[in-house]
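Student: I would like to go through some backbone details and the reasons for the terms used.
Tutor: Go ahead.

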Amino acid sequence: MTYVRSTFRHPALPKNDLGYTVDYYEGSLSTLCAGCGHDSINAAIVEACWQMNIEPHKVAKLSGIGCSSKSPAYFLSNSHGFNSVHGRMPSVATGANLANRDLIYFGVSGDGDTASIGMGQFVHVVRRNLNMVYLVMNNGCYGLTKGQDSATADAGSKSKAGSVNLFEAIDLASLAIELGATFVAQSFSGDKEQLVPLMKAAMKHNGFSFLNVISPCVTFNNNPGSTKSYDYVREHVEVTGTMDFVPMMREITTNYEAGDISDITLHDGSEIRLHKLQKDWDPLDRFSAINAMQRAKDKGEILTGLLYINEDAPDLQSLLNTTEKPLNSLDREAICPGSAVLEELNSSLR
Amino acid sequence: MQETKINDFVVRFANVNGTGSASANALFTKAVFRMGVPVTPKNIFPSNIQGLPTWYEVRVSEKGYLGRREGVDLMVAVNPQSMKKDYADVASGGYFVYDNTKPLSPDYDRDDITHLGIPMTGLCNAEYTDARQRQLFKNIVYIGALATLFDIEFSVLEGLIGEQFKGKEKLIEPNIKALNLGVDFVKDNFEYPFALRVERRDLLGDKILYSGNSACALGAIYAGATVAAWYPITPSTSVVDAFAKYCSKYRVDPETGKNNYAIVQAEDELAAIGMVMGAMWNGARAFTATSGPGVSLMNEFLGLGYFAEVPTVLIDVQRTGPSTGMPTRTQQSDILLAAYASHGDTKHPLLFPATPKECFEMTAQAFDLTERLQTPVIIMTDLDLGMNDHITDELVWDDATQYDRGKVLSSTQLERIYKAMSSGNGSHIEAQPDSEAEHAGAFLEQFNGKWGRYLDIDGDGIPYRTIAGTNATRGAFVTRGSSRDEYGVYTEDGEAYQRNVDRLAKKWKTAEELVPQPEFLQEQSTKPDGVVFFGTSTYAAEEALEMLEKDGIAMDAMRPRAFPFGKAFRDFVDAHSRIFVIEQNRDAQFRSLMMIELGVDASKLMSVLNYDGMPITADNIYRQILAKCRD
């Protein structure tokens with residue numbers, strides 16, 4: 001980590017359509033360890049939001065507790081943040097979303113926060129298809145309490161102290177697909193090229209977007225024998241395909257070489273242009289996504305990229321048939337029935 | 001020949017749950033109400049859906065005593081499982097109404113009570129062929145029979161049946177027929193009316209018959225709550241049921257058919273209150289309802305709400321603890337749990353409604369309080385108040401009511417704060433043509449050009465908050481349960497931490513004046529002894545005070561309506577040498593709260609307790625106080 005951040009910015013830093021340079025999307029100085037994967041992910045969030053021309057105050061960033069959950073302070077300083085309690089970010093995000101459907105909800109969690117203490121809330125927010133991005137910074141260990149194994153540590157993975165994890169890992173991405181998540185992707189903190197378009201698509205997706213990002217813990221889980229170390233992950237990453245996110249009304253600029261290219265149109269007309277590298281995998285088909293992940297697992301590979309997407313499923317607010325206007329901005333006439341109605345009610349109770 | 005009791009008796013119905021007795025018994029209560037006579041019903045039901053004993057006790061009281069009274073004057077015993085005990089429970093001189101389709105066993109041989117056999121099963125079997133109808137109408141048959149015995153006007157029952165089945169008119173005729181089966185049997189076989197009688201009066205005026213849970217839900221509706229998140233638990237479930245019912249009636253946009261509300265059944269109480277906090281943090285009014293076990297789970301979020309200063313409304317419909325306890329019995333036993341919920345130094349404002357009207361008003365007020373104070377507010381009702389119907393004053397709503405959304409900065413206000421900074425000092429705020437608006441914005445200068453989420457510029461301990469999405473460049477911050485400075489920046493600096501928690505203590509002091517003030521039975525304290533009671537102990541306590549007065553024991557009385565306790569509360573405590581604290585739990589929790597918060601000498605506070613899960617009775621209070629006075 002850097003204790004003093006330079007305030008110098010290149011005078012010719014490019015501006016996005018809103019006229020902001022990328023530093024406008026940064027947060028306060030990170031207090032995570034130097035080389036922490038989480039900081040790379042935070043940088044990708046900043047980049048994605050800048051590229052997407054997002055107004056920061058239209059984003060709410062939420063988290064639970066842990067190293068990853070400190071992150072909301074380190075990106076988008078012009079957004080409201082809620083660093084809540086351990087494993088409970090999904091419920092806070094659900095309430096916040098119900099109050100104001102017009103913001104983008106960006107949730108950041110960790111493997112302890114999601115796969116252990118927060119498992120109950122995680123599985124339920126998935127099945128409600130809450131319109132949010134849920135990003136897990138997954139390092140297989142509890143960093144903030146000095147490196148205990150988490151529930152996503154692979155069986156047989158070795159800790160820094162040399163102990164071997166005895167228990168099966170919870171595969172969050174497969175679980176999310178199983179539970180009905182409508183956008184599921186996996187990535188690696190060291191692969192910004194892949195992360196940024198995934199985040200952009202995730203923010204545009206109308207429904208629950210799950211990003212499981214392997215994010216090595218440099219201090220406690222980056223040793224030989226760990227399956228969440230930088231070296232191990234780099235050696236075992238297998239991508240589903242390369243993709244580009246094409247915002248609505250934007251000209252497609254990426255040119256892929258000949259191959260299996262498919263376009264997926266998102267809710268607002270944006271497109272994901274996908275260059276598939278995996279055979280027998282169709283991101284619109286849950287079964288093939290799960291199969292692809294299981295095959296990769298068998299081969300000891302970590303499958304990254306977009307895994308599954310379903311743009312047609314209604315999100316929580318659609319399911320609840322809530323009004324288009326955010327509930328926090330309804331006029332009094334719309335919410336208070338008034339004295340005449342009360343008088344009728346009184347009469348009916350006599 | 002029994003003594004004639006007009007408008008002053010207790011009837012208990014002993015039924016099997018799941019047999020449709022609840023609506024029939026409620027019909028009896030409503031009929032007495034329509035006769036203009038004060039009546040108070042209590043459901044005494046099992047934690048079960050079908051097949052176990054359930055009782056419904058109705059007290060009729062011309063004098064308007066609405067608490068429970070001991071002694072059953074008439075028992076309607078239609079449950080063989082509990083009949084032995086039900087039989088024994090009839091007061092001497094009372095009546096035992098039973099189904100004599102089969103003869104009563106010879107050991108039911110009390111000669112101090114009157115046995116009234118009505119062949120309910122026989123009458124129904126002869127009249128109806130459908131098994132479910134035979135069962136359901138048995139209940140209506142005994143209502144018809146009782147009405148005739150009590151001299152309740154038949155037209156009143158007819159009217160109620162008509163209202164109950166409005167829209168399902170097919171059902172009116174068979175119900176009336178069932179009533180008549182009972183009526184005719186009584187007329188053919190007994191002398192009627194008998195010694196217990198309901199005589200028409202006009203004692204109720206504008207009063208209504210309503211349950212606390214429905215009233216809480218309606219309070220939330222009128223306060224503009226748009227989000228409810230909950231997890232099913234007896235006895236609070238009907239709060240959200242009622243909220244959903246009212247929402248579907250009053251909160252659906254007539255043009256679009258879309259809902260101006262959202263209700264989520266959460267995966268547990270942790271999530272339920274988390275959702276409420278997320279919604280209130282984001283500017284909507286939201287609430288949850290639960291009972292003791294749920295409050296236990298909500299502790300972590302209550303601590304967050306206190307420390308991060310997030311408004312939250314929680315309705316705790318208390319039941320008998322600890323643990324699962326007796327889920328369908330009442331108690332006031334979450335007082336200490338709620339007052340100090342969560343680890344660390346925490347305190348939460350509590351409201352203690354005593355009537356459905358207060359449930360309505362206090363729930364509505366709780367939203368103003370929680371947003372004004374930026375801290376969770378807990379409404380402490382209980383099973384007795386929540387799930388039973390009570391006679392209560394009619395509900396009133398002033399259409400001029402303005403919601404108090406508390407200290408929330410608008411986009412313009414945020415910009416004015418920073419405009420002051422750019423001009424170098426606070427004096428350069430542009431003059432507004434409207435002097436009132438100018439005055440309204442004057443406080444912004446106190447920020448000295450920089451807003452801080454936890455800055456106390458007003459000296460009342462309450463800072464100014466902002467809602468996400470308000471302004472593009474000003475007012476963003478991270479809400480967190482960890483220590484932070486006045487500007488919302490994470491800190492582990494001990495002094496900054498202490499400044500913050502001291503400000504929270506100051507805010508607590510501010511709350512004293514804002515919460516509902518205690519009610520006093522006398523204009524001025526004059527007696528050496530005082531009595532303190534709250535919530536559902538109120539009716540019984542007031543009746544007991546009258547009983548004591550007849551014995552020459554007169555005392556001043558205070559009904560606290562909220563925690564923290566303010567000056568009026570302290571003055572009452574100081575003005576009396578001995579205070580009886582009446583409450584419905586074993587450990588005298590309210591008394592403990594008085595000792596902790598006010599430092600009252602333990603020897604000054606005498607406990608009057610009831611904790612068997614049944615609503616407290618006047619007789620019980622009377623006996624306990626009398627014994628202590630004669631010690």
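**Backbone details**

Tutor: B:Pro235 lies in the loop of chain B that runs between strand 10 (227-230) and helix 8 (237-250). The model is predicted.

Student: What makes the peptide bond from B:Thr234 to B:Pro235 cis?

Tutor: Its omega is near 5°, and the bond is cis. Most peptide bonds are trans.

Student: Which residues does the cis peptide bond with omega of about -15° join?

Tutor: That bond joins B:Tyr192 and B:Pro193. B:Pro193 sits in a chain B loop, between helix 6 (172-189) and strand 8 (196-197).

Student: Why is A:Leu76 called buried?

Tutor: The cut-off for buried is 20 or more other C-beta atoms within 10 Å. A:Leu76 has 26 C-beta neighbours inside 10 Å, and therefore counts as buried. In chain A, this residue is placed in the loop between strand 1 (59-63) and strand 2 (80-83).

Student: What is noted about the phi of A:Leu76?

Tutor: Phi of A:Leu76 is near 50°, which is positive, and the residue is not a glycine. Most residues other than glycine have a negative phi.

Student: Where does B:Ser323 lie, and what is its phi?

Tutor: B:Ser323 is in the chain B loop between strand 13 (312-318) and helix 11 (335-339). Its phi is positive, about 55°, although B:Ser323 is not a glycine.

Key. Residues numbered from 1 in each chain as written. Chains lettered and ligands numbered in written order. Predicted model: local features only at pLDDT ≥ 70, side-chain atom pairs only at ≥ 80, totals over all residues. Helix = DSSP H or I, 4+ residues; strand = E, 2+ residues; numbered from the N terminus. Buried ≥ 20, exposed ≤ 12 C-beta atoms within 10 Å, placed from the backbone.
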